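Dear colleague,

I am passing on the structure below, together with a short account of what turned up in it. Please look it over when you have a moment.

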Amino acid sequence: MNILLTSAGRRTYLVDYFKEALCMAGLTGLVHAANSENSPAFLAADRQVVTPLIYDPEYIPFLLDYCRKWEIELLVPLFDIDLPVLSRNKKAFSEQGTRVVAAEPAAIEICNDKWKTCKALQAEGILTPESWLDREAAIWAVKEGQAFYPLILKPRWGMGSLSVYQADDEEELRVFYGKICREIQGSYLKYEAAQQKEGCVLIQEKITGREFGMDVVNDLRGTCRAVVVKEKANMRAGETDAAITISSPELEQTGRHLSKLLGHPGNLDVDILESGGQYYVLELNGRFGGGYPFSHAAGLHLPYALVMWASGREPEEKALKAQAGVRAMKDIQILVQQ
């Protein structure tokens, strides 16, 4: 079985996990990595490919040709803006024997569009921070005592900590709103923001409290198979640096609720904040998130499960379980290209 990880970036650990998964499943095959050559994951992968840009008209034809040539059976996208493009073209890949591990377009849209995330969560009775797209509506809410500074501003289709600001008063809110609009147009976020140039900035109440991450694991049919909850101990640039796995029946139930709502294959990465004994879901990412290695360290082996499911077999139950109380940290390694 040959596997392609698109937008692999710095996720050398995922390349290694999938290599290990092939061995565990008793399969031969290569792990390929795309898209940029300035990528640590390229050094870990068996094969590397530089593709056209994700929004280039030749991106999908290029990948289809590449997958045919190398007999790719499993394609795993690892970047938010890659997901909607590949999701819309799953049928074309499937017809030539390549399974794309991405949710349906409607589910991807709920994850990528933070405003639609808020609305979908509210409709399901899941707590999420109060949010506004209209700057003046947010200012009015504060003046009416319905909201309070500080407020958080972020790109509606953003990811990580890119262009996220805290406004402590109305002046800062207006300044940061304009700044984010300009920064969106100068980054890759402009592609999704082009769908709606008005309302491309999300304003949210600030929730202060303990931070949690959650991996909601579905099989390739979209059925929930595991929910792993982690309390974050340290963050860097929007990604978890240290965490401990915990047992939380309440959050695990929320994970199963989200699994049923989205019906995604593979992983759903969820960000959560606890305040006053209540849990607020902040963001949904329909892919392997930066917090997945902490679940893996505790025993979950989703790459192995994906390989087994893709080969028509069922993984052992232990591969879908994570032990609570496992504390882990990320390290920085230097890879030298020969």
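In this predicted model, Lys154 and Glu283 form a salt bridge through their side chains, with 3.3 Å from N to O. The two residues come from distant parts of the chain, Lys154 lying in strand E7 (residues 151–155) and Glu283 in strand E14 (residues 278–285), 129 residues apart, and both Lys154 and Glu283 are buried.

The structure as a whole contains 20 salt bridges. Another of these pairs Glu136 with Arg174, whose closest N and O atoms are 2.8 Å apart; because Glu136 belongs to helix H8 (residues 135–143) and Arg174 to helix H9 (residues 170–185), the pair ties together parts that are 38 residues apart in sequence. Glu136 is partly exposed, at a relative accessible area of 38%, and Arg174 is partly exposed as well, at 33%.

A further salt bridge joins the side chains of Lys90 and Glu104, at 2.7 Å from N to O, and it links helix H5 (residues 90–95), which holds Lys90, to the loop between strand E5 (99–100) and helix H6 (105–112), which holds Glu104. Lys90 is buried, with a relative accessible area of 19%, whereas Glu104 is partly exposed, with 48%.

Turning to helix H1 (residues 12–24), its 13 residues reach 18 Å from the first C-alpha to the last, close to the 18 Å expected. Its buried residues include Tyr13, Phe18 and Leu22, and the buried residues of H1 pack against several elements, among them strand E1 (2–6), strand E4 (72–77) and helix H13 (302–310). Just after H1, Gly26 adopts a positive phi of about 70°.

Terms used. Residues numbered from 1 in each chain as written. Predicted model: local features only at pLDDT ≥ 70, side-chain atom pairs only at ≥ 80, totals over all residues. Heavy atoms only, no water. Helix = DSSP H or I, 4+ residues; strand = E, 2+ residues; numbered from the N terminus. Expected span 1.5 Å × (residues − 1). Buried < 20%, exposed > 50% of the residue type's maximum accessible area, 1.4 Å probe, protein only. Contact = heavy atoms within 4.5 Å. Salt bridge = Lys/Arg side-chain N within 4 Å of Asp/Glu carboxyl O.
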